Every structure is written in C-alpha cells, then in structure tokens.
Amino acid sequence: MPPTPTPNSSTPPLSDLPTAFSPSTCIRRGLCPVTSLRAQGPEILESHSLYYEVHGKGGAAARENVQEGGRERTKVVFVMGLNSSSFSWGPQVRWFGGERSAEGSSGGAGTEEGEEEEEYEALVFDNRGVGNSGYPRGPYTTSGMAEDVICLLDYLGWKEDRQLNIVGLSLGGMIAQELAYRIPQRISSLMLAVTTPGGYLWNNFPPVMRMRVVTHTRTRTCRYPHPQPVRWKGLSCLTKLTFTPDPVEKVPTVMDMLFPLAWLEQKVEGDPRGRTNRQVQSEAFLHRVAITKPQRLPGNISQMAAALTHHLPPSRLARIAELIPKIIILTGDDDHLVRPSGSRRIYAAMCRGTVWQGGAGGRYVPIGEAEEEGEGEGEGKGRKVELVEWEGTGHGIHVQKAVEFNRLVERCVREGRRRVREERERECQACLQRGQSHNHA
C-alpha cells in the first residue's frame, strides 16, 4: 500500500474536493504527497501534492477483486494540457471507466480474437499549478512536471515493466515525451496528441494564421492580396483568458480557441434539446469551472513557461521510438494553439530510430523504412510509429472527436500489448538458442 499523505494546514480533506466524475467508477482518489516522497527545495517554496483519480468499471469493488487475485486491468495514464484540470478528461474517464454509451461503445474493439473484453484503470490528475494540486515555486519545466508524474505512478504502485499506456495532450504531450524518455521500460504504448517537440522559444508560440481576404478592383479580383492580415488567434485568446476572471466571459474565447467555428455551429446528433456543439461545450465548461478551484496567476504563468521552454531533441525522440513498443502521434489541421507541424517533426525524428526486422537472421533498420503489417489509419499505419492527422479538427481534439479519439487510444494500447508479447517471445527464442549453442559446445 502507498504511504498516507502527512496532513497539514494546506491539505484539504477529500470531502472538501468535489469531483466531476461518477462515484460508481471511482477506484480511488487522493493527494499524492510529492514533496515528502521526493527531495526538493525549501519546504515553504516547493511543498506540493498532486490530486489524482483512478477510474474503472465497478469502482472500488474492482480494486478489491484485483487484490484478491482477479485479472489485472490495463492501465492508461492521461496527462492534461495547459492550465486545464483533470476534469477536462470527461469523455475519456467515462469511456475507459466503463460508462461508455451503447452508441459510442467500441463493441470489444479493445480486444483481440480469443481474449476477454478489455477492462481499464484510467488515471487522471491535476498537474502542478492547477486544480486541486499544489503550487510549488515557478517557473515550471516539462521535465520537472514529468518527475511529478513518476512520483505519482510510484505512489500508486504502477512500477512494472510495460505496464503503462500514456496519453498526453498538448502540454501533457510535452510532459509525456519527458516521461517516456525517463521510464521507457515501464511503457507499453504512447499516444501524443496536438503537441510539439519544442525548440526555440518562438517555435513554441501558438501559430500565426493569415486571413484569406478577397478584394475587388475595377480591373481584377485579388483573392489573396499581399501582405495578408495576420491573425494571432491562439496567442490573443490565451492572453485574454489570463486576465478574464469571470468564467461566463471566458466561454466564447475558450470555444473559439479550442474548436473550429464550423463544428461549433453544428447541431449535436441525437440531442433531445436540439443544441449546437457550442451550447453543449459551453455548458460543460461552466460546470467544470464551477467545481474546480480557480487557478492562481503564478500557476498559469508557470505552466505557460513550461510550454514555451519545452524542447526534446531529435536524438531523444529517436531513442524513445526505439524503446517503446507502440507510438501514435495525433494532430488536427485547424489548431489555434499548437502547430500541426510539431506532430510531423516528432514523427520525422522518431522515424530515424531503428527497429529489429527479419527475425533471428534479421537486422536493424530505420523505423521509417521498416515494413510491417497491421491495422492503421495514418502515415506509417500499422507500424511501430504512426502519424495520424484529422481534417477539420481543432485543439480540443479529445472532445470534438471523442469516440474516434478513444478508439485510437484502444488501438494504440492493443498494438502495444501485441508488440510486447512478440518482444518477449523473441527474447525467449534467443535464450533457447543460446542454451542449445551452449549444450552443443
């Protein structure tokens, strides 16, 4: 059992911390005492805990079943992005926590032939500087935030080889890259969504979008005059949100920042009230905000600093690709916060890594050149590393295309597990061959 946090005046009881998720799927929740588990700086400046929740079908009873010798559940770790709490993972917690609807259900898509239906434990948590977690001294770095996650995983006892399936979104994807570089042997699959490997400071700023303007003169029509007006939508939205305390006033800015306009104005299929996506997501946002502790300005600025200074060089990305069995990189084409080119840069760097091909008489080849069979939908489908790009999709990709996102996570998990099994079979064959060689000698 993990240690119990030492109570202090700044640690509220769980009864004072409301949750956005169903109690029926909650296996456990609490505060991981990062400071007491990992040596840090002066207590008054560095003391913090991470708020977390673990969800799965059957809730706490499922945990007791596992402890009594039941089948171990597949563990999925969701790492949220900039200045957002764990409550933003609603569609994923419902799906992997066992509350998926009949319409959205994968119908056993998370299983292979001959296997039992997949059951999951989904871990969500508040990064430092947001939600119910603490506010250590800033500015933050993605490497420091990754160390927080490792501390939480150790605290939960999730330490086994190839036990983890990591899903990182936006800033969470940057943290997931650092996490994957630090503990690759514990990870079975990795999904990086709407994120970037970073680089120079200006490369990490939200993209500049040029507006397409049509002008008319007596002699001609010029559809894209030069210079074209520049639209700093992502950056202007982030700035406005930082200094807008009223949640109701934030709603239009948040919606326009996260989702494409065309999608926001569409009616939600099957909604009995005939609402648009904008109305549904606005209500969901206000509900989350109502039960979430307001983020303090130091946390906001410190998380932004982590996003702006993140950089994982190509050599490290290639190493991650070599050591983790399955990786999917996901992006949309209408993202106002993170350039889609960031996902392509991650993919290109990872494809420079090598993978063994050809069985006992094989050789190492670049991942981008390896020929493999398997299911897939993106560039390099079915391969060890895939790039998936969705059209008409914004930064809030896990909400806008929730069912597709969840099924892609399931496929990533499934292919990671298959590759782990094949990897272990190769190791066993190699051991047998070495033993036979020794006996003949």
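**View 1. Arg162 and the residues around it.** Leaving aside neighbours within four places in sequence, Arg162 is in contact with Pro184, Gln185, Arg186, Ile187, Ser188, Leu323, Ile324, Pro325, Val420, Glu423 and Arg424 (contact means heavy atoms within 4.5 Å). Arg162 sits in the loop between H5 and strand S5 (164-169); helices (H or I, at least four residues) and strands (E, at least two) are DSSP runs, numbered from the N terminus. With a relative accessible area of 18%, Arg162 counts as buried (buried is under 20% relative accessible area, exposed over 50%, partly exposed in between, with a 1.4 Å probe and protein chains only). A word on what you are looking at: this is a predicted model, in which local features need pLDDT of at least 70, side-chain atom pairs count only at pLDDT 80 or more, and totals for chains, interfaces and linings use all residues. Residues are numbered from 1 along each chain as its sequence is written, and side-chain values use heavy atoms, with hydrogens and water left out.

**View 2. Helix H5, from end to end.** The end C-alpha atoms of helix H5 (residues 142-156) are 21 Å apart, which agrees with the 21 Å that its 15 residues should span at 1.5 Å a residue (the expected span is 1.5 Å times one less than the number of residues). H5 is mostly covered, with 12 of its 15 residues buried; among them are Met145, Val149, Ile150, Leu152, Leu153 and Tyr155. Just after the helix, look for Gly157, whose phi is positive at about 85 degrees.

View 3. Eight strands form an open sheet in the order S1-S2-S4-S3-S5-S6-S11-S14, with mixed pairing (two strands pair if DSSP finds at least two bridges between them). Strand S1 (26-32) and strand S14 (385-390) are the edges, each pairing on one side only. Strand S11 (residues 326-332) runs parallel to its partner S14 over six bridges, and Gly332 has Trp390 of S14 as its bridge partner. H5 packs on this sheet, touching S1, strand S2 (50-55), strand S3 (74-79), strand S4 (120-125) and S5, and its direction makes about 50 degrees with that of S2 (axes are lines fitted to C-alpha atoms, for helices over the stretch in contact, and angles run from 0 to 180 degrees between N-to-C directions).

**View 4. Confidence along the chain.** The mean pLDDT of the chain is 84, and 78% of its residues reach 70 or more (pLDDT is the predictor's confidence in each residue, from 0 to 100). Over residues 105-110 the pLDDT is below 50, and this stretch has 14 contacts beyond near neighbours in sequence in the model.
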